[in-house]
Amino acid sequence: MSTRVTAGIKAKGSRGSRNVFFGVAPQKGLCVTAAGTVVHGKLEGGKRVVKGMRSFEEIPHTGRNGWLNLLKFWRENRFQQLHKHMERTFNTLGPIYREKLGTLSSVNIMLPSDVSELFKSEGLHPRRMTLQPWATHREIRNHSKGIFLKNGEEWRADRLQLNKEVMMSAAVKRFLPLLDEVAKDFCRMLQTRMEKEGRGEEGKCVLTIDPSPDLFRFALEASCHVLYGERIGLFSSSPSLESQKFIWAVERMLTTTPPLLYLPPRLLLRMGAPLWTQHATAWDHIFSHAEARIQRGYQRLSTSLGRASPAGTAGGHYTGVLGQLMEKGQLSLDLIKANITELMAGGVDTTAVPLQFALFELGRNPEVQESVRQQVRASWAQAGGDPQKALQGAPLLKGTIKEVLRSC
């Protein structure tokens, strides 16, 4: 039996939980100590022997009928406030509980120490919960799957190649200027809005906004700039129709994913359910958008090779993660397309939501906000316009980001 585990980490004073999905290998037993630590049991004589520990079946649960649980979720609109549901259930059942919703079974874990135990037990080939709606779309459209939808050795092979262009310090140094460019445009957009809509005296204007849509567009613009090496124009005064359609597609895909996690996608496909149709149509547009940008990237790469441009550049400009992967040729074009598309789609809300949490925390801790601002300004002045040097001189900013990621 394969058990999916959700780690809902709730920090003191936080407003929500972070969901991280783990898959426990079928041959391993899942047991719980009194403190909630997840460990492996052993089999002796065909029976599980775990001294001082509770068996998997003893983990408290919210009800064994997954469809009734799912109906209750929809009736009470819990999907919109899942973090509050998890907080209430943790308070009622303890730091580990089981939940079955529709076709999805999960074990929810609250304590960071327990999550640490899970990470330690994963090894080199961790198994993650498959995002079945995404996987089904790839299968019915004959698309390759990226790292978000892979496990084991296949996942590790792709991950090692992508790490070189996304995670390692040399790669970050290459694309930091692209992020800096988008961040400056984002700040200019907010400044313009402040000047037009702000109220109050000069120098002390106040503007109340919902930052979610703007942060979403910032994350999408920044992700595409880093991945494709070109802008999509979301901060333009008049974004193109194609850009607006792309925003709609990403938003629709993210909105329809959560409910589809608990339902059988192929059954919805056969039924022609509107929810599945919207999800698949959104993904089709995202892949079409990616295909067009990959073709342009290939043309730029061909031109740069013909002109003997430096590695990873076209006309002296960084060609993005896409250009780097295509130039090295260690992944097939289908795998590059799959991974680039999933990185773009998966990097939007995971960037925008932590940024919103950061703004919230800094807003309710003005003394920390002022300290961070002063340090960033001083570091930027000393760095002479170099984003990497500026970041190195702003440990408070790094600390803020790490604390937000820990607690959101």
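**Entry 1**

I began with helix α14 (residues 366-383), where Glu370 and Arg373 both lie, three residues apart, about one turn of the helix. The model I am reading is a predicted one. I looked up the distance for this pair: Glu370 and Arg373 form a salt bridge, and their closest N and O atoms are 2.9 Å apart. I then asked for the accessibility of each partner. Glu370 has a relative accessible area of 34% and is partly exposed. Arg373, with 31%, is partly exposed as well.

Next I took Glu230 and Arg293, which form a salt bridge with the closest N and O atoms 2.4 Å apart. This pair links distant parts of the chain, 63 residues apart: Glu230 is in the loop between α7 (212-228) and α8 (241-260), whereas Arg293 is in helix α10 (residues 274-306). Are the two partners buried or exposed? I noted a relative accessible area of 16% for Glu230, which counts as buried because the limit is under 20%. Arg293 is buried too, at 7% relative accessibility.

**Entry 1: a further pair, a network and the total**

I also looked up Lys145 and Glu139, whose side chains meet in a salt bridge of 2.9 Å, N to O. Lys145 is partly exposed, with a relative accessible area of 26%. Glu139 is likewise partly exposed, at 32% relative accessibility.

Which residues are linked in a network of salt bridges? I found Glu181, Asp185, Arg188, Glu221 and Arg231 joined in this way. For the structure as a whole I recorded 23 salt bridges. As background to these entries, side chains of opposite charge can pair when their charged atoms come close.

**Entry 2: helix α5 and its cover**

I turned to helix α5 (residues 152-166), which has 15 residues. From its first C-alpha to its last, α5 reaches 20 Å, close to the 21 Å expected at 1.5 Å a residue. I listed the buried residues of α5 as Gly152, Trp155, Asp158, Gln161, Leu162, Asn163 and Glu165. What covers them? The cover includes α6 (169-197), α11 (320-328) and α12 (333-346).

**Entry 3: Glu165**

I looked up its neighbours, leaving out residues up to four places away in sequence: Glu165 touches Ala171, Arg174, Phe175, Val321, Gln324, Leu325 and Lys328. With one of them, Arg174, the side chain of Glu165 makes a polar contact of 3.1 Å.

**Entry 4: the whole protein**

I closed with the overall figures. The secondary structure comes to 16 helices and ten strands. The protein has 408 residues, of which 41% count as buried. Among contacts with a separation of 6 or more, 64% are between residues 24 or more positions apart.

Methods. Residues are numbered from 1 along each chain as its sequence is written. This is a predicted model: local features need pLDDT of at least 70, side-chain atom pairs count only at pLDDT 80 or more; totals for chains, interfaces and linings use all residues. Side-chain values use heavy atoms; hydrogens and water are left out. A salt bridge is a side-chain nitrogen of Lys or Arg within 4 Å of a carboxyl oxygen of Asp or Glu. Buried means under 20% relative accessible area, exposed over 50%, partly exposed in between (1.4 Å probe, protein chains only). Helices (H or I, at least four residues) and strands (E, at least two) are DSSP runs, numbered from the N terminus. The expected span of a helix is 1.5 Å times one less than its number of residues. Contact means heavy atoms within 4.5 Å. A polar contact is a pair of N or O atoms within 3.5 Å; within protein, one must be able to donate a hydrogen and the other to accept it, and residues adjacent in sequence count only if both atoms are side-chain atoms.
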